[in-house]
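Trainee: I'm new to this one and would like a close look at a single part of it. Could you walk me through it once it's on the screen?

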Amino acid sequence: MNDPMLEKLLHSKNYQCVCPDAVRRIYAECLQKYKKPKDAEKAAREQLHGLTGAFLTRDESAACMKDMHIWATDGRKDADLERALTRHASTRERLPLARMDGMYEHIFEVTGAPASVLDLACGLNPLYLGARGISTVGIDVSGEAAKDVNACASNYGLPIRAVCADLLCENAVPKERHDLALLFKILPLLERQKSGAAMDVMHAVNAKYLAISFPTRTLGGRNVGMEGNYSAWMEGHLPGNRRIAARFTEENELFYILEEIHNA
């Protein structure tokens with residue numbers, strides 16, 4: 001039997017850009033806490049509102065697509081690509097492009113140049129990777145971000161694709177093999193929502209290397225011991241089939257490169 005409160009959430013214009021599996025999961029978790037569907041629906045809306053606050057808006061999406069069209073038809077200049085990437089908050093944090101290039105050079109010094117990348121909670125990052133000629137599969141809970149990535153792949157021949165999926169749902173991580181998986185600033189968010197989820201995702205990824213990052217400062221720029229805390233967490237939650245190949249910081253971000261160990 002259909003739950004009218006769940007159907008109301010699924011068809012709400014405010015959450016049409018959210019992966020439907022995420023809406024169902026959040027509502028089910030709220031229903032376990034509140035019992036009454038109306039109360040669960042209200043609590044679910046509060047969680048979804050917080051989730052979508054970091055999403056690409058439709059206006060930002062339209063601006064990004066306009067920028068990418070200019071990039072593709074006017075010489076594929078880095079300035080146009082950079083302007084497109086500024087449209088999404090999490091992608092914007094690593095700009096300018098010279099900084100992003102340097103960050104990836106640092107990663108690739110450890111992993112080698114990857115033939116294929118899996119980007120979890122990707123945002124618009126596959127646009128950067130695709131523009132640099134790197135084959136990338138992106139996963140994001142935002143349908144708007146996934147739509148834009150796939151549109152650019154189709155329109156401009158970029159070697160990228162994206163899937164709208166909720167990493168807290170079963171089978172959200174693709175099973176195909178990749179050289180490198182990116183998990184930028186996503187593990188703390190997953191763990192905050194569900195204890196053990198970060199380990200589950202790391203174990204589910206089928207890649208030779210994992211590039212994992214954590215913030216080292218608050219959104220306000222304060223240093224409150226985050227690097228030390230996340231270092232202790234990462235080194236205390238190292239998957240049994242991986243070793244630390246590298247650890248470094250870039251701006252306000254801590255990176256770990258984990259390498260797969262065979263016969264572990």
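Leaving aside its neighbours within four places in sequence, which residues is M199 in contact with?

Mentor: Happy to, and keep in mind that this is a predicted model. Start by finding helix α11, which runs over residues 197–204; M199 sits in that helix. Once you set aside the neighbours within four places in sequence, M199 is in contact with H237 and P239. Take H237: it lies 38 residues from M199 along the chain, yet the C-alpha atoms of the two are separated by 7.3 Å.

Now zoom out to the whole protein. Of the contacts with a separation of 6 or more, 62% are between residues 24 or more positions apart. You'll count 12 helices and 7 strands. The C-alpha trace spans about 55 × 50 × 40 Å along its principal axes. A compact globule of 264 residues would have a radius of gyration near 18 Å, so the protein's 19 Å agrees with that.

Next, the inside. Buried residues make up 48% of the 264. The largest nonpolar core has 39 residues, and M68, L85, Y104, I107 and L127 have the most contacts inside it. Helix α7, residues 97–111, gives this core its largest share, with 6 residues. There's also a second, separate core of 30 residues, with V137, A172, A181 and A207 among them. Back in the largest core, where L127 is one of the residues with the most contacts, the partners of L127 beyond four places in sequence include C64, M68, L81 and L85, as well as D148 and V149.

Terms used: Residues numbered from 1 in each chain as written. Predicted model: local features only at pLDDT ≥ 70, side-chain atom pairs only at ≥ 80, totals over all residues. Heavy atoms only, no water. Helix = DSSP H or I, 4+ residues; strand = E, 2+ residues; numbered from the N terminus. Contact = heavy atoms within 4.5 Å. Core = buried A, V, L, I, M, F, W, Y, C linked by side-chain atoms within 4.5 Å. Buried < 20%, exposed > 50% of the residue type's maximum accessible area, 1.4 Å probe, protein only. Rg over C-alpha atoms; globule rule 2.2 N^0.38 Å.
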